[in-house]
Amino acid sequence: QVRLVESGGGLVQAGDSLRLSCAASGRTISSYNMGWFRQAPGKEREVVAAIRWSGTSVYYVDSVKGRFTISRDNARNTVALQMNSLKPEDTAVYFCALGRSYGSSSRSLQSPGEYDFWGQGTQVTVSS
């Protein structure tokens with residue numbers, strides 16, 4: 001049974017930083033693409049950042065480029081999302097997800113449909 005548990009969300013002011021962490025159990029993540037997604041009220045779930053199983057390729061949605069950094073620690077079976085210069089429009093529930101084994105395509109990083117297991121999410125609220 002794969003389990004993903006997110007932590008690190010909270011209420012912050014615009015310009016602040018947060019670090020989200022995702023702890024995986026039930027499967028070793030080293031051969032899987034991993035992603036962070038978010039969903040704001042009334043909006044569709046969107047990919048925020050994703051990292052290929054090899055760690056050699058990352059993807060960021062345009063709105064977070066230069067502010068967010070995704071990283072993985074295969075030895076600890078964790079994935080992190082460092083979020084700097086937060087904006088009110090970053091407010092959402094953030095989800096960690098485990099994707100394709102040895103996924104090599106751009107789609108395998110960016111598409112929610114390419115991810116099979118999801119955490120329950122952590123709320124990030126950025127006040128202006």
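This is a predicted model: local features need pLDDT of at least 70, side-chain atom pairs count only at pLDDT 80 or more; totals for chains, interfaces and linings use all residues.
Is Ser108 buried or exposed? At a relative accessible area of 2%, Ser108 is buried, because the cut-off for that label is under 20%.

The side chain of Ser108 comes to 2.5 Å from the backbone oxygen of Ser105. Leaving aside residues up to four places away in sequence, Ser108 touches Asn33, Arg52, Arg100, Gly103, Glu114 and Tyr115.

Which strands pair with E11? Strand E2 (residues 10-13) runs parallel to E11 and is joined to it by four bridges. Strand E9 (residues 92-101) runs antiparallel to E11, with three bridges between them. Val124 is a handy landmark here: Gly10 stands opposite Val124, and Val124 is also the bridge partner of Ala92.

## Two nonpolar cores

The largest nonpolar core has 29 residues, and those touching the most other members are Met34, Trp36, Phe68, Ile70, Leu81, Met83 and Tyr94. At least two residues of this core come from each of strands E3 (18-25), E4 (32-39), E5 (46-51), E7 (68-73), E8 (78-83), E9 and E11. Another core, of six residues, lies apart from it, and includes Phe37, Ala97, Leu109 and Tyr115. Tyr115 links back to the opening section, as one of the residues that Ser108 touches.

## The chain as a whole

Stepping back, the protein chain has one helix and eleven strands, arranged along the sequence as β-β-β-β-β-β-β-β-β-α-β-β. Among contacts with a separation of 6 or more, 61% are between residues 24 or more positions apart.

How does the overall size compare with what a compact globule would have? For 128 residues, such a globule would have a radius of gyration near 14 Å, and the protein chain has 13 Å, so the two agree. The C-alpha atoms fill a box of roughly 40 × 25 × 25 Å along the principal axes. Buried residues account for 43% of the 128 residues, and the chain exposes about 6,400 Å², with carbon and sulfur atoms supplying 45% of that area.

Note on methods: Residues are numbered from 1 along each chain as its sequence is written. Side-chain values use heavy atoms; hydrogens and water are left out. Two strands pair if DSSP finds at least two bridges between them. Buried means under 20% relative accessible area, exposed over 50%, partly exposed in between (1.4 Å probe, protein chains only). A polar contact is a pair of N or O atoms within 3.5 Å; within protein, one must be able to donate a hydrogen and the other to accept it, and residues adjacent in sequence count only if both atoms are side-chain atoms. Contact means heavy atoms within 4.5 Å. A nonpolar core is a set of buried Ala, Val, Leu, Ile, Met, Phe, Trp, Tyr and Cys residues joined through side-chain atoms within 4.5 Å. The radius of gyration is taken over C-alpha atoms; the globule rule is 2.2 Å times the number of residues to the power 0.38. Accessible areas come from the Shrake-Rupley method with a 1.4 Å probe; for residues, only the protein chains shown count as cover.
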